[in-house]
Amino acid sequence: MSQSKLLFTPGPLTTSETVKQAMLRDLGSRDAEFVSLVSHIRRRLLELGQVANGSYEAILMQGSGTFAIESVLSSLVPSSGKLLVAINGAYGHRMAKIATVLGISCKTMVFEEATPVPVERVRRALAEDPAITHVATVHCETSTGIVNPIAELGRTVHNAGRIFMVDAMSSFGGIAIDIAGQQIDFLVSSANKCIQGVPGFAFVLARRDLLLAAEGCARSVSLDLLAQWRELENDGQFRFTPPTHALLAFEQALQELEAEGGVAGRAARYAANQQVLMNGMTELGFDAYLAPEHQSHIITSFRLPAHERFDFPSFYRRLSELGFVIYAGKASQADCFRVGTIGHIFPQDIRALVAAIRRVLREMQVDLSHAVTHP
Ligand SMILES: Cc1ncc(COP(=O)(O)O)c(C=O)c1O
């Protein structure tokens with residue numbers, strides 16, 4: 001079996017050996033052990049979101065993060081409703097696309113990718129359009145690495161009497177989120193991001209009264225969020241084949257998160273990773289796309305150097321051959337590549353990555369000390 005490479009990506013991420021080992025057994029999906037595993041995971045997720053007081057519910061959904069986003073939008077926005085999506089990157093656009101395909105009335109506000117969603121513009125849009133019932137946005141736009149002001153947006157959306165949905169796919173578990181305090185009604189994240197499990201399911205942390213109020217809204221059978229919750233509540237089971245191995249891995253990942261000092265401990269490691277990355281890349285001559293005040297510790301976009309001998313596919317391939325997997329860019333307004341700093345990776349791994357980048361640049365005969373970057 002070939003060795004795992006280190007993943008500096010937005011997910012799936014590098015996982016610990018112990019998380020991988022937790023999957024090395026089979027578990028019956030109707031077994032009492034499975035039921036108690038699922039119940040424990042749901043409780044821990046509510047605790048991580050600081051909403052274990054009974055007014056929120058944790059719902060696990062098979063599939064990748066997008067499936068859970070689609071489940072939220074398709075199950076919760078009534079046919080009489082209207083969704084506003086505040087967009088500053090690819091994942092915001094994806095939510096709007098899902099709404100459009102589902103036939104949900106949808107207004108999009110598309111902002112600059114390198115600046116956070118402007119709260120005041122959203123406030124004005126809500127004041128001008130009383131038909132809007134729900135507002136959705138992305139917490140950390142992984143397409144660039146920017147963090148959006150969800151607490152301010154939550155306050156604005158609630159002051160306007162609307163429902164607030166947040167895609168916190170790449171941030172939950174890696175940035176502290178007080179879901180009720182930040183007035184988030186529905187939050188979506190997935191198993192293989194900052195909690196450091198493996199892919200296979202995503203989850204929704206949902207305000208129970210609003211979840212119950214969405215009775216009859218579902219536009220899909222398999223993605224029906226309310227039906228999924230009812231089954232989990234009634235008999236502790238999934239409606240359809242659950243990702244048993246991914247759930248076993250997740251339980252182990254949750255224990256490892258706790259051992260690291262919870263979200264605060266993990267956030268500190270990710271911030272240290274990102275700092276080492278920025279120092280190393282700046283020294284090599286790379287420019288970060290975002291201003292430091294908007295940059296998260298989740299993932300960093302670097303502008304592609306305009307050096308005549310720099311070519312990204314070759315740069316990527318050489319790094320991968322050395323065991324380091326980075327990621328292509330996803331910003332639409334600039335040519336970038338991305339380096340993730342989440343997952344089971346540590347400052348020494350980032351140092352090793354920077355050393356590998358230095359070596360690859362040398363092999364490609366690319367000296368960036370005087371190079372200009374693509375705007
Ligand atoms: C912010 C955000 N939203 C949605 C997604 C989509 O998740 P998935 O690829 O698991 O469907 C991602 C994936 O990285 C993401 O970072």
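This is a predicted model: local features need pLDDT of at least 70, side-chain atom pairs count only at pLDDT 80 or more; totals for chains, interfaces and linings use all residues.
Is proline 313 buried or exposed, and how many other C-beta atoms lie within 10 Å? Proline 313 is exposed, because 8 other C-beta atoms lie within 10 Å. Residues are numbered from 1 along each chain as its sequence is written.

**View 1. Proline 313 in helix H11.** Helix H11 spans residues 312-321 and includes proline 313. (Helices are DSSP runs of H or I with at least four residues, strands are runs of E with at least two, and both are numbered from the N terminus.) Alanine 328 is 15 residues away along the chain, with 9.0 Å between its C-alpha atom and that of proline 313.

**View 2. The cis peptide bond between glycine 11 and proline 12.** Omega is about -5 degrees here. Proline 12 sits in the loop between strand S1 (6-7) and helix H1 (17-21). Most peptide bonds are trans.

**View 3. Positive phi at glutamine 50 and glutamine 365.** Glutamine 50 has a phi of about 60 degrees. Its place is the loop between helix H2 (32-48) and strand S2 (56-62). Glutamine 50 is partly exposed, because 17 other C-beta atoms lie within 10 Å. Glutamine 365 has a phi near 55 degrees. This residue lies in the segment after helix H12 (347-363).

**View 4. An open antiparallel sheet of three strands.** The strand order is S11-S14-S13. Strand S11 (299-303) and strand S13 (327-328) stand at the edges; each has a single partner strand, so one side of each lacks a neighbour in the sheet. S13 pairs with strand S14 (residues 336-340) over two bridges. (Pairing requires at least two DSSP bridges between two strands.) Tyrosine 327 has arginine 338 of S14 as its bridge partner.

**View 5. Where domain 1 touches domain 2.** Domain 1 covers 17-259 and domain 2 covers 262-370. (These bounds come from an automatic or database domain assignment.) Their C-alpha centres lie 28 Å apart. Domain 1 gives 24 residues to the contact, and domain 2 gives 22. (Contact means C-beta atoms, placed from the backbone, within 7 Å.) On the domain 1 side, strand S7 (146-147) and helix H9 (244-259) are the elements that give two or more residues.

Key
A residue is buried if 20 or more other C-beta atoms lie within 10 Å of its own, exposed if 12 or fewer, and partly exposed in between; C-beta atoms are placed from the backbone. Two residues are in contact if their C-beta atoms, placed from the backbone, lie within 7 Å.
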